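Hi,

Here is the structure I promised to pass on to you. Have a look at it first, and then read on for what turned up when I went through it.

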Amino acid sequence: MLPAHFQRMGRPLIWGHRGASAEAPENTLAAFRLALQQGADGVELDAQRCASGEAVVVHDESLERTTGHAGLVTQAPWSALRSLDAGSWKGERFRGERVPLLAEALAAFPRLVNVELKCEDADDRGLTVEVVRVVREAGAADRVLLSSFNPLCLWRARRQAPEIARALLFEREQRWPLRSALAAPALGVAALHPEHVLATPARVRRWRRRGYSVGCWTVDDPEAADRLYQSGVSGLITNRPAALRAKWPAPLS
């Protein structure tokens, strides 16, 4: 199970998916600040390593969807990334928002942060090492949860930073061994983060009996969120933190 400060009494833990991404451009400081204003307990963000080695916050392999630049994150140095507009695709008022460094995101959002290690390859090109370095340098190890679809990234994280909590991500489109979280015991994860359609009440009970916290993605409907919570899910990753906080308006303690 996750440490006590990753749990909430009487309600689920609410994570802003890439920030408050329904209303602000995903994975930007604007989205993280809005999630904070909307009462999110934490934010979920995506970390990749750019060509010059920095850990940057962006979801896609390509920069085209959110910046209009057709290059790949892994082939762009930070000197180029920091000049791109990552906000105007969401609306003119967000023009000038940038792809942030992971260090900047940790500074901008002082609550819990779920850092997804975004890498599909066996060789993560030093991503896990760099993320761990940034988290430790920020003094944020106790409020960060490292998650990944890639078991090798979580294995590296366990070896390099056993003090930082970890979660295994999985989805319905994966092969059965992966979507059944068979690797979880070997990775020493404290939480499972399934796509919400995989979190049937029977599976949630089984996962909880095995000692895991369960956090589902991506859940925007408050009634669906309540059904998941009643089944034993303790964390909800949502594009709409305000809508879910309205369902559970209790204090942020």
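How many bridges join β5 to β6, and do these strands run parallel or antiparallel? There are four bridges between β5 and β6, and the two strands run parallel. Before going further, please keep in mind that this is a predicted model.

**Around β5**

One of the pairs between these strands is L146, which stands opposite R166 in β6. To get from β5 to β6 the chain passes through α6, and this β-α-β crossover is right-handed. On its other pairing, β5 runs parallel to β4, again with four bridges joining the two. The path from β4 to β5 leads through α5, and that β-α-β crossover is right-handed as well. Here E116 is the residue that stands opposite S147 in β5.

How much of β5 is buried? Five of its five residues are, so the strand is largely enclosed by the rest of the structure. In a regular strand the side chains alternate between the two faces of the sheet. In β5 both faces are covered: V144, L146 and S148 are buried on one side, and L145 and S147 are buried on the other.

**Helix α6**

The helix that links β5 to β6 is worth a look of its own. α6 spans residues 151–160, and its buried residues are C153, L154, R156 and A157. These four cover an arc of only 160° around the axis, which puts them on the same side of α6. An α-helix has 3.6 residues a turn, so residues three or four places apart point the same way.

What covers that buried side? The cover includes the strands β4 (112–117), β5 (144–148) and β6 (165–170), together with the helices α5 (127–137) and α8 (184–187). If you zoom in on the start of α6, you will find a side-chain oxygen of N150 within 2.9 Å of the backbone nitrogen of L152.

Now to β2, which covers residues 42–49. Seven of its eight residues are buried, so β2 too is largely enclosed by the rest of the structure. Its pairings are these:

- With β1 (residues 13–17), β2 pairs in the parallel sense over three bridges; W15 has G42 as its bridge partner in β2.
- With β4, β2 runs parallel and is joined by six bridges; A47 stands opposite L117 in β4.
- With β3, β2 pairs in the antiparallel sense over three bridges; R49 has A55 as its bridge partner in β3.

β1, helix α1 (residues 29–37) and β2 make up a right-handed β-α-β unit. β2 and β3 form a hairpin with five residues between them, and G53 in the turn has a positive phi of about 105°.

V57 lies in strand β3 and is buried, with a relative accessible area of 1%. Not counting residues up to four places away in sequence, V57 touches N27, F32, L45, D46, V99, P100, L101, L102 and A105.

Is D60 buried or exposed? With a relative accessible area of 18%, D60 counts as buried, because the cut-off for buried is under 20%. The D60 side chain makes a polar contact with the side chain of H59, at 2.6 Å. Leaving aside neighbours within four places in sequence, D60 is in contact with Q48, R65 and V73.

**Cysteines**

Finally, the cysteines. A disulfide is a covalent bond between the sulfur atoms of two cysteines. The count of disulfides in this model comes to zero. C50, for one, is in no disulfide: the nearest cysteine sulfur belongs to C119 and is 14 Å away. C50 is buried, with a relative accessible area of 0%, and C216 is buried with a value of 0% too.

Happy to go through any of this with you.

Best wishes

Key: Residues numbered from 1 in each chain as written. Predicted model: local features only at pLDDT ≥ 70, side-chain atom pairs only at ≥ 80, totals over all residues. Heavy atoms only, no water. Buried < 20%, exposed > 50% of the residue type's maximum accessible area, 1.4 Å probe, protein only. Arc of directions from axis to C-beta. Contact = heavy atoms within 4.5 Å. Polar contact = N/O pair within 3.5 Å; in protein donor to acceptor, adjacent residues only side chain to side chain. Pairing = 2+ DSSP bridges. Right-handed = clockwise from strand over helix to strand, strands pointing away. Disulfide = S-S within 2.5 Å.
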